[in-house]
Amino acid sequence: MYGFSGDVLIEDEFLRDGLQNETRVFSVDEKLRFLEMLEAAGLRRIQVGSFVHPKWVPQMADTDELFGRIVPKPGVVHTALVLNRAGLDRALAVGVRHLSISVSASETHSRKNTNRGVNEARAAIVPTIETALAEGVAVRAGIQSALGCGFEGRVDPARVLEIARDFAALGVQEINIADTAGLANPRQVFELCTRLRDAIGPDVGLSLHLHDTRGLGIANMVAGLQAGVRIFDAALGGLGGCPFIPKATGNIATEDAAFACEQMGLATGIDWKALRAPVAVAEALLERALPARISHVPPPPWERTEKEMP
């Protein structure tokens, strides 16, 4: 078991996973405003959008324009999701240098998400990854529904390990394990991550994408930390959800994850208090409260300013 020490990288996915399930379509200017606030709060990696067909995810139709207007900031990685060669070509055309390229471990979810079965999707994504790597793009290979499927239930860990080994053999920099439907529990996360660490070796990074559908998101993050994972996806305000899985709710909240890490002595570089402002903006625009916790309750007494004391 790994100790609670060191540096943790939290990738914020509000602009992609957070907004892709919303009926309100955010403008490029609004997205840039959130991007600036996330950067100001210390986020070092931000998933800005996805290069998918606008017919299926209209909220991401402006990702090309958005990347064209981003001003690079030292120490900040702007990344995106692609699912096929067409998406990769769009990403390369606007100069994206870090990409998540993923497949599903669930047959039903794979067909709903890409119109392909798992093995067909795996075969199709290999040349996409190889092309991205040949172009000098950093690739994070993802396995969706790795910890359970909203349609099929349990997913065989052996399939996840097999896909991960194949990805590692391609030379990707990181492998991302996604609890897309929020079905995982801490013991399951710990056991799978421990097996994955042995399967892919120490030279490939391992990250977790956790949804909080059933309230176990932060507990699953802690289990991942215990298994040695030091990269986690989160979303401002706890927003998010897969448009192809009914009732799959949001990610763990960026501010909650950063707060939890700080309380355990793990450095993220994120000022979680500074994230209250963009959460308030998002709530005003969406006209509802977001599920994040630390943005809505007082910090513990030792963290409070004089104005926050009762």
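1. Buried here means under 20% relative accessible area, with exposed over 50% and partly exposed in between (1.4 Å probe, protein chains only). By that criterion, 56% of the 310 residues in the protein are buried.

2. This is a predicted model: local features need pLDDT of at least 70, side-chain atom pairs count only at pLDDT 80 or more, and totals for chains, interfaces and linings use all residues. Residues are numbered from 1 along each chain as its sequence is written, and side-chain values use heavy atoms, leaving out hydrogens and water.

3. The protein has eleven helices and eight strands, taken as DSSP runs (helices H or I, at least four residues; strands E, at least two) numbered from the N terminus. Its radius of gyration is 18 Å, close to the 19 Å that the globule rule gives for 310 residues, so the protein is as compact as a globular protein of that length. The radius is taken over C-alpha atoms, and the rule is 2.2 Å times the number of residues to the power 0.38.

4. The largest nonpolar core has 91 residues, of which Ile-143, Phe-167 and Ile-177 touch the most other members. Helix H2 (residues 28-40) gives the largest share of this core, six residues. Such a core is a set of buried Ala, Val, Leu, Ile, Met, Phe, Trp, Tyr and Cys residues joined through side-chain atoms within 4.5 Å.

5. Neighbours within four places in sequence aside, Ile-143 is in contact (heavy atoms within 4.5 Å) with residues including Val-103, Ala-105, Phe-167 and Ile-177. Among contacts in the protein between residues at least 6 apart in sequence, 74% join residues at least 24 apart.
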